[in-house]
Amino acid sequence: MAAHLEDAAHYPGGQADVVARPRTEADVAAVLTDGRPVLAVGAQSSLTGGATPAGGIVLASSRLTTIEPPDAHHVRVGAGVVLGTLLEDLATHGLDFPPVPTYLGATVGGIIATNAAGAATFKYGTTREWVEGLTVVLAGGDVLDITRGAHVLDDSGTFVVEGPAGSRVVPVPTYVMPDVVKRSAGYHAAPGMDLVDLFIGAEGTLGVIVSAVLRLQPLRAGLCYALVPVSDEPRALALVADLREASRQTWQSHDAAGIDVAAIEHMDDRSLQILREDGADRKYEVSWPASAGLLLLIQLELPLLTQEDAYEQISSALDDDGPDTPLARFCRVLDHHGVLDDAELALPGDRKRAEQLLGVREAVPAGVNARVGRAKRDLDGRIAKTAADMVVPFEKFGEMMDIYRAGFARRGLDVATWGHVSDGNVHPNVLPRSYEDVEAGKAAILEFGVEVARLGGCPLAEHGVGRHPVKQALLRQLYGDEGIEQMRRVKQALDPQGLLAPGVLFST
Ligand SMILES: Cc1cc2nc3c(=O)[nH]c(=O)nc-3n(C[C@H](O)[C@H](O)[C@H](O)COP(=O)(O)OP(=O)(O)OC[C@H]3O[C@@H](n4cnc5c(N)ncnc54)[C@H](O)[C@@H]3O)c2cc1C
């Protein structure tokens with residue numbers, strides 16, 4: 001059982017009576033009639049303590065691993081299927097599920113329960129947009145098979161959920177969700193919403209997901225990565241804005257020569273220091289000029305082309321009669337912003353280089369987590385990861401970063417920030433030198449939550465709320481006491497005894 005008592009947030013105090021590993025929907029239903037609290041878990045990569053049990057039964061999805069043969073557009077998969085395995089399986093059919101989060105060890109059930117979002121949310125949206133149907137077992141054991149489009153909220157503002165145990169009237173909350181590209185902030189609620197959406201992002205508090213029907217698309221052929229050092233944030237944001245705009249135009253016009261960017265990642269100057277201190281630059285054989293204030297990692301989608309053609313397009317991109325291709329246009333945009341010479345490209349098919357560039361990006365959170373772990377071990381056992389996961393409309397990104405910098409500086413905190421700039425979503429992480437830094441970091445994050453909401457953003461973007469007291473406080477700040485009460489009424493309707501994931505999202 002020990003393996004299941006902690007998630008990636010290393011939230012303290014995990015405990016359970018028993019671990020159940022059901023193989024079938026009927027097994028899951030049997031667990032949910034036991035009468036004890038049940039916490040469904042996938043890979044336990046939660047960064048919020050949401051997958052840390054607090055007694056009762058841990059329902060591990062590790063045996064719900066069926067992948068049915070896909071058709072051209074959909075696949076039905078078990079909740080315990082690991083994303084890396086799913087992507088490999090789909091690739092053999094020439095298919096892809098593009099909204100995956102950075103961590104490919106997460107499970108299908110976990111990403112649906114948290115409405116996870118990946119780097120490529122800018123182009124592909126979040127998990128929510130790719131879920132066409134769910135099989136969910138409710139508290140008490142009723143099985144709900146729901147398909148998108150079959151149960152849409154009407155003017156009554158309630159869903160009526162029928163099952164052998166009777167019908168449940170579920171009052172949908174009336175709060176207005178922030179209008180941003182990603183949100184993992186309590187129950188989804190909107191006029192005309194689909195019942196499927198109520199369970200997506202509910203963090204296991206309303207039912208256990210047994211399987212899902214996911215939407216698919218053809219495998220992307222020509223993925224190219226560019227690691228681009230930029231001197232400062234305003235210049236970086238100008239480049240990101242141009243690439244976002246060019247990509248949007250391409251998606252609208254279907255221009256075969258248009259720029260098509262799926263994701264732009266961001267690593268700030270403190271993150272670069274960490275990479276250097278840890279030798280990640282040497283390990284992954286990358287370098288950037290001393291003048292670089294931050295790095296961007298751009299994921300560009302290209303039509304299939306040979307490496308020779310790609311080199312030819314790059315070398316002649318700036319010529320007066322240079323080619324009019326997506327890659328040449330991309331080079332011209334980089335040149336226009338004065339960053340082409342220092343950019344490092346991993347061309348389609350150059351898997352090794354792509355893995356190195358992605359490795360640099362992943363080395364930032366790894367380096368930060370290692371530092372937090374050392375501080376906890378050497379300085380104070382109460383030290384814990386202290387990080388924000390907020391999103392604002394991209395146009396407000398610079399303002400949000402100024403607010404973060406001022407709030408952290410006022411408290412004398414050392415902070416590294418990285419994340420998904422193309423979505424307006426980054427993760428500032430405190431590098432604590434004492435427990436006081438952790439407390440000061442929490443206060444800063446609560447303050448930022450108010451500011452981010454004022455900017456039209458959401459203080460809980462992709463990791464969810466879980467059991468984390470700061471995240472639960474951010475949720476309450478966002479929707480107020482009345483919003484939390486409305487969520488409680490949803491929970492009460494579907495899980496009257498409060499057995500599913502008690503203490504997740506809000507206290508019970
Ligand atoms: C290195 C790293 C990188 C990460 N990158 C990202 C990222 O880019 N984007 C992002 O969004 N997140 C990211 N995360 C967070 C985490 O991977 C996601 O939250 C993921 O969706 C969790 O999946 P999981 O299978 O590990 O679920 P778990 O951690 O096991 O569970 C997460 C929540 O889902 C519920 N749940 C799990 N399975 C079920 C089920 N079958 N039915 C009902 N509820 C269920 C749990 O009760 C819990 O509340 C990252 C985490 C790590 C460690």
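Predicted model: local features only at pLDDT ≥ 70, side-chain atom pairs only at ≥ 80, totals over all residues.
Reader: What makes a residue part of the shell around the ligand, and how many residues surround the ligand?

Author: A residue is near a molecule if its C-beta atom, placed from the backbone, lies within 6 Å of it, and 37 residues surround the ligand, with Gly-42, Pro-101, Gly-109, Gly-110 and Gly-204 the closest. At least two residues of the shell come from each of β2 (38-41), α3 (108-113) and β10 (208-215).

Reader: What makes up the shell around the ligand by class, and which domains supply at least three residues each?

Author: The shell holds 19 nonpolar, 15 polar and 3 charged residues, where Gly counts as polar and Pro as nonpolar. Domain 1 (2-218) and domain 3 (368-484) each supply at least three residues of the shell.

Reader: How do you know that domain 1 and domain 3 touch?

Author: Two residues are in contact if their C-beta atoms lie within 7 Å, and the C-alpha centres of domain 1 and domain 3 are 25 Å apart, while their contact takes 26 residues from domain 1 and 26 residues from domain 3. On the side of domain 1 that touches domain 3 there are 13 nonpolar, 9 polar and 4 charged residues.

Reader: Why is Asp-242 called partly exposed?

Author: Asp-242, in helix α6 (residues 233-253), has 16 C-beta neighbours inside 10 Å; a buried residue needs 20 or more and an exposed one has 12 or fewer, so Asp-242 counts as partly exposed.

Note on methods: Residues numbered from 1 in each chain as written. Helix = DSSP H or I, 4+ residues; strand = E, 2+ residues; numbered from the N terminus. Domains from an automatic or database assignment.
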